[in-house]
Amino acid sequence: MVDVGDKPVTARIAVAGAVVVMRPATLRLIAKGSMPKGDVLAVARLAGIMAAKRTAELIPLCHPLQLSHVDVQLTPRSTRVDIEASVRLEGRTGAEMEALTAASVAALTIYDMCKAVDRDIEITAVRLLRKEGGKSGRYVRRSARSS
C-alpha cells in the first residue's frame, strides 16, 4: 500500500457512473416489479452501497476508508439504467475506487437479477465522473467523454 500517513485529512468526494443496456421489455418488467428475483433497482442500490463499504476487501492495496456517506442513484431510461454512485469522507486518500466499485456492483446486480429474461444485457461506461479534495484537487469529466 502507498503510505498516506503524512497527507493531510481533507474532505473528499467521488462520483462514478455506469450504464446497463437492455431490451425495452426487460426495463418494463423492472418498472412493473415483475422480475422473478424481486425489486431490481432497490437491490442494486443496496448492493452498490454495500460494495463501496467493502472496497478494500475487493481491490488489492486499497486503503480501508471510513466513509461518511454513500449514495447510489439508478435512473431507468428507454433501453438502459443509468447508475451514479457518490461517496464522501474526511480522509488522507480519495474515494474514487469506492465510487467505481459501487457503480460496478450495482450494474452487476442488475445483470444478475435480469439475466433470466435478457441474456443480451450489456454493462458499459463505468467511469469516474468527478472527484474533489486531496492534493490533485477537483476533477470533472468532460460531458463529451462521459457517454
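## Largest pocket

The model is predicted. The volume of this pocket is about 160 Å³.

Strand E1 (10–21), strand E2 (67–76), strand E3 (80–91) and strand E4 (122–132) each provide at least two of its residues.

By class, 4 lining residues are nonpolar, 3 are polar and 4 are charged.

## Cysteines

How many disulfides does a search of the whole structure find? The search returns 0.

Cysteine 62 has 13% relative accessibility, so this residue counts as buried. Buried means under 20%. Cysteine 114 is buried too, with a relative accessible area of 0%.

## Threonine 26

Threonine 26 sits in helix H1, which spans residues 24–32. Is this threonine buried or exposed? Threonine 26 is buried, because its relative accessible area is 1%, and the cut-off for buried is under 20%.

Leaving aside residues up to four places away in sequence, threonine 26 touches Met35, Cys114, Val117 and Asp118. One of these partners, Cys114, is itself buried at 0% relative accessible area.

Technical notes: Residues numbered from 1 in each chain as written. Predicted model: local features only at pLDDT ≥ 70, side-chain atom pairs only at ≥ 80, totals over all residues. Heavy atoms only, no water. 1 Å grid on protein atoms, 1.4 Å probe; cavity = no way out; pocket = protein on both sides within 12 Å on 5 of 7 lines; lining within 4 Å. Points joined across faces, edges and corners; volume = space filled by probe spheres on them. Helix = DSSP H or I, 4+ residues; strand = E, 2+ residues; numbered from the N terminus. Nonpolar A, V, L, I, M, F, W, Y, C, P; charged D, E, K, R; others polar. Disulfide = S-S within 2.5 Å. Buried < 20%, exposed > 50% of the residue type's maximum accessible area, 1.4 Å probe, protein only. Contact = heavy atoms within 4.5 Å.
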